[in-house]
Amino acid sequence: MKNNKTAQAFKSISIFKLVFLCIVLLSVSCKEQEEKPMSEEDLIAKAKDIHERVITLDTHCDINVNNFTDSINYTQELDNQVNLPKMKKGGLDVAWFIVYTGQDTLTDEGYAKAYENAMSKFNAIHKLTKEIAPDQIGLAVTSDDVRRIDAEGKKVAMIGIENGYPVGTDISRVKEFYDLGARYMSLAHNGHSQLSDSNTGERDDVWLHNGLSDLGKQVVAEMNKYGIMIDISHPSKEAIKQMIELSKAPVIASHSSARALCDHSRNLDDEQLGWVKENGGVVQTVAFTSYVNKEKNDARNEKSREIQMQVADSMGIKWITSRADFGKLTEEEQKAFMENRSKVMEIVDTKAAKMPDFPGKVDVLDFVDHIDYLVEKIGLEHVGISSDFDGGGGVEGWNDASETFNVTLELVKRGYTEEQIEKLWSGNLLRVLDEVGKVAQEIQAGA
């Protein structure tokens, strides 16, 4: 009897060991499976699924009113960086079209000209969404509009104003622009406006208002009242500080990157980033080469310029290398130069690709480095994405709307989850839009 009990005991122990061994082997197998990196094909497939599900939103796409006519418009595959075919190809769902006005004299004549320019761009955007292609794209003014139009299978247009210069001295224009669909506005561009100092004052340390003018402060209050997001891209650091202190609602930087990674006055330093975080706002990282990696961009441009001059000379083309010289050309001369420029640059790129020591291009990896930095510095909830397409923006891998997927792919490669990617692409910006709208309702209710 004792021998039988001993045998049963040994049998029980053997079974226990076998089960334990199986559990250990299964655990090791699962761990190895978890640690095994995804293949490139798997990463692409995962990124495509995420890209399809999330709403992708770019807060800064400049426009040319000549592309909003009956014969030439965004339903066509134009040479510009954002149009409907390219948005569809790249999976870009929402484009903020920009009512941009360059800085001119602070006179009644200058204000009148700026207002006329702004109205032409408002009209162009409305024509696209109401007459040219209402079946393909709709104008949104709220986050609910964005989700509804997207659910209908259409692309979404939103409106931002770059430079408050067209306001002139008539504060009622803030409400007028709101009624036309504007949902964000910056108070300055490259040059001091009647409302705010510009970041460009850093060049010579000459300022007009030492931040905001009295009128600019009134405009901030008016924007809060009607629900227009305050855009801190372009104004000076002091102006930004004053805007955030005065604003009762979160602010945005519609197209700015991290100054710690690229020392340019258009980018935000760590102190400014802290202000935005505390304010509850969002920084829309911008894919503009000289704001992403100035050293890399300058090195390539310097080497590229040598070849450009050679190619242009061989083609009998007068080559222009500065914005100032370009601005001196007539409209026809500018158009002709831009057509020739694309031909020259195509040849230059071909030649550069065959030169092993040629400096590399600023690319999507450099761009997403800024996203990583901002996420670590101020938290994922305060970071978004923008391109500045058709206004100088674009990096290798995201040169136009058709390549939008590449940004999502790089985010997936770096371990961002679908929920995080959704916030970066649109969730954070739409949250701020909602909060700004709520503040406006409260202000109006208490008025």
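A nonpolar core is a set of buried Ala, Val, Leu, Ile, Met, Phe, Trp, Tyr and Cys residues joined through side-chain atoms within 4.5 Å. The legends below describe a predicted model.

**View 1. The largest nonpolar core has 82 residues.** Phe 97, Phe 367, Ile 371 and Trp 398 have the most contacts inside this core. Helix α14, residues 364-378, gives the most to the core, with eight residues. A second, separate core holds 21 residues. Among them are Ile 55, Ile 98, Ile 149 and Ala 249. In soluble globular proteins, nonpolar side chains tend to be buried together.

**View 2. Trp 398 and its contacts.** Leaving out residues up to four places away in sequence, Trp 398 touches Asp 58, Ala 287, Val 364, Phe 367, Ile 385, Ser 386, Ser 387, Phe 389, Glu 403, Thr 404, Val 407 and Trp 425. Phe 367, like Trp 398, is listed with the most contacts inside the largest core.

**View 3. Strand β8, residues 282-286, is mostly covered.** Five of its five residues are buried. Val 282, Gln 284 and Val 286 point one way from β8. Val 283 and Thr 285 point the other way. In a regular strand the side chains alternate between the two faces of the sheet.

**View 4. Strand β8 pairs with β7 and with β9.** β7 and β8 run parallel, over two bridges. Ala 253 has Val 283 of β8 as its bridge partner. β8 and β9, residues 383-386, are also parallel, and four bridges join them. Here Gln 284 stands opposite Gly 384 in β9. β7, α9 and β8 together make a right-handed β-α-β unit.

**View 5. Ser 256 lies in the loop between β7 (252-253) and α9 (270-279).** Its relative accessible area is 0%, so Ser 256 counts as buried, the cut-off being under 20%. The side chain of Ser 256 makes a polar contact with the side chain of Arg 266, at 3.1 Å. Ser 256 also touches Ser 233, Asn 267 and Leu 268, as well as Val 283, Gln 284, Thr 285 and Val 286.

**View 6. Buried residues of helix α8, residues 237-246.** Ala 239, Ile 240, Gln 242, Met 243 and Ile 244 are buried. An α-helix has 3.6 residues a turn, so residues three or four places apart point the same way. What covers the buried residues of α8 includes α7 (214-226), β6 (229-231) and α9.

Methods:
Residues are numbered from 1 along each chain as its sequence is written. This is a predicted model: local features need pLDDT of at least 70, side-chain atom pairs count only at pLDDT 80 or more; totals for chains, interfaces and linings use all residues. Side-chain values use heavy atoms; hydrogens and water are left out. Buried means under 20% relative accessible area, exposed over 50%, partly exposed in between (1.4 Å probe, protein chains only). A polar contact is a pair of N or O atoms within 3.5 Å; within protein, one must be able to donate a hydrogen and the other to accept it, and residues adjacent in sequence count only if both atoms are side-chain atoms. Contact means heavy atoms within 4.5 Å. Two strands pair if DSSP finds at least two bridges between them. A crossover is right-handed if, with the strands pointing away from the viewer, the path from the first strand over the helix to the second runs clockwise.
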